[in-house]
Amino acid sequence: MAKEQVLVSGGAGYIGSHTAVALIEAGYDVVIIDNLSNSDMNAVEGVRKITGVDVPFEKVDCCDKEALRVIFKKYPFRSAIHFAAYKAVGESVDEPLKYYSNNLCSFINILELMREEGRENILFSSSATVYGEPDALPVTENSPRKPSTSPYGNTKQMCEDILRDSTAAYKGLKGIALRYFNPMGAHPSALIGELPRGVPNNLVPFITQTAAGVRECLSIFGDDYPTPDGTCIRDYIDVVDLAGAHVAAISRLIEGRNKANYEIFNVGTGRGVSVMELVKAFEKVNNLKLNYRIAGRRAGDTIEVWANTSLANEELGWKATRTLEETLAAAWAWEKHVRGL
Ligand code: UD1
């Protein structure tokens, strides 16, 4: 019997490439599309090497609907996972139209084509950013969404709404939004991982680049927050665990185990870790000293957020299993691989 095929848009990116590996390992056929605007073919090569499968890749911009239609005509996938999007919060504030145009058009094109070409299942990459500064912790899927502080965050909320409304209106279309907390780490093979272009915005790549000597010093943004050690708290989830959540969610749709046409799941560990705890854990597990200093608060930062993951644990039958230490060791192994250390 032919394998069930899944389209992975943004599959050359950080989370997309790890998810492509997890899908293939779970027995799915994968087609990767990406415009390579913030990624490169090394990730696709990494996926091929890890899995031993010559995964088809097509260079396509999801904002180009006619080019995307060619992909839909060429491959018989019933399901798609849509990762392709811009994700730099600061840049989105400076260039809102770039974010609205790219993140909304690409998703609308995917949905329109799914409808026009009779495809059924779609996963959308959402973010814990939709919760803003939560009133109560941990956050559940029913915690209120807060007005977004950035165009990037706004596109996540808008795409969730577009998916909710489309799955309500169009018979045969089913969707799940996964709200990621803070992904980090890399595949244990060190063949794929996070490779931000330019100066990293996110904490873990900044840490690993500092350890590798690419950056001089990590700035810890604020140690005067109302948290036990004064630094912000997040729910850091291993990217391989996160990839597994996608397999669980897409399988749920493919096998018709979903309880509604549109569902939302938090994807985190359920554990809050402070910036300082993370830095200390990184130093300890990798046996090195990190050059860091305390800097001022970063505008727009949430003080603390972590997930209640009960719904994903129960409904998806999925749970994050990797420890913080394992993940930080994998992140460092990847950075060393990239730098040839
Ligand atoms: C941010 C976005 C989130 C987005 C995610 C992925 C917000 C509020 N958050 O998450 O929506 O999905 O990026 O791109 O919009 N930190 C330092 N020094 C650094 C970098 C970070 O101390 O050099 C601290 C931050 O202050 C924060 C923590 O590390 O407390 C995590 O930061 P980061 O990795 O940027 O993730 P978020 O801000 O949580």
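Analyst: Rings of Phe, Tyr and Trp (its six-membered ring) pair if their centres lie within 6.5 Å; planes under 30 degrees apart count as stacked, over 60 as edge-to-face and the rest as tilted. This is a predicted model, in which local features need pLDDT of at least 70 and side-chain atom pairs count only at pLDDT 80 or more, while totals for chains, interfaces and linings use all residues. Residues are numbered from 1 along each chain as its sequence is written, and side-chain values use heavy atoms, with hydrogens and water left out.

User: How many aromatic pairs are found in the whole structure?

Analyst: The search covers the whole structure, and the number of aromatic pairs is five.
Phe-72 and Phe-77 form an aromatic pair, with 4.8 Å between the centres and 70 degrees between the planes, which is edge-to-face. The count of aromatic pairs is five.

User: What is the relative accessibility of Phe-72?

Analyst: Buried means under 20% relative accessible area, exposed over 50% and partly exposed in between (1.4 Å probe, protein chains only). Phe-77 counts as buried because its relative accessibility is 0%. Phe-72 is buried as well, because its value is 0%.

User: Why is the pair of Phe-282 and Trp-332 called edge-to-face, and what is the angle of the planes?

Analyst: The ring centres of Phe-282 and Trp-332 are 6.1 Å apart. The pair is edge-to-face because the planes stand at 75 degrees.

User: How many residues apart are Phe-282 and Trp-332?

Analyst: Helices (H or I, at least four residues) and strands (E, at least two) are DSSP runs, numbered from the N terminus. Phe-282 is in helix H9 (residues 275-286) and Trp-332 in helix H11 (residues 324-339), so the pair links distant parts of the chain. Phe-282 is buried at 0%, and Trp-332 is buried at 9%. The separation of Phe-282 and Trp-332 in the chain is 50 residues.

User: Which residue lies over the face of Tyr-225?

Analyst: A charge sits over a ring if NZ of Lys or CZ of Arg is within 6 Å of the ring centre and within 35 degrees of the ring normal. Lys-98 lies over the face of Tyr-86, at 4.9 Å from the ring centre. Over the face of Tyr-225, at 4.0 Å from the ring centre, lies Arg-297.

User: Which side chain has a polar contact with that of Ser-79?

Analyst: Ser-79 lies in strand E4 (residues 79-82) and is buried, with a relative accessible area of 0%. A polar contact is a pair of N or O atoms within 3.5 Å; within protein, one must be able to donate a hydrogen and the other to accept it, and residues adjacent in sequence count only if both atoms are side-chain atoms. At 3.1 Å, the side chain of Ser-79 makes such a contact with that of Asn-121.

User: Which residue stands opposite Phe-124 in E5?

Analyst: Two strands pair if DSSP finds at least two bridges between them. E4 and strand E5 (residues 121-127) are parallel, with four bridges. Opposite Phe-124 in E5 stands His-82.

User: Which residue of E4 stands opposite Val-8?

Analyst: Strand E1 (residues 5-9) pairs with E4 in the parallel sense over four bridges. Five of the five residues of E1 are buried. Opposite Val-8 stands Ile-81.

User: Which helix does the chain pass through from E1 to E2?

Analyst: E1 and strand E2 (residues 29-34) pair in the parallel sense over five bridges. The β-α-β crossover from E1 to E2 is right-handed (with the strands pointing away from the viewer, the path from the first strand over the helix to the second runs clockwise). The helix on this path, residues 14-25, is H1.
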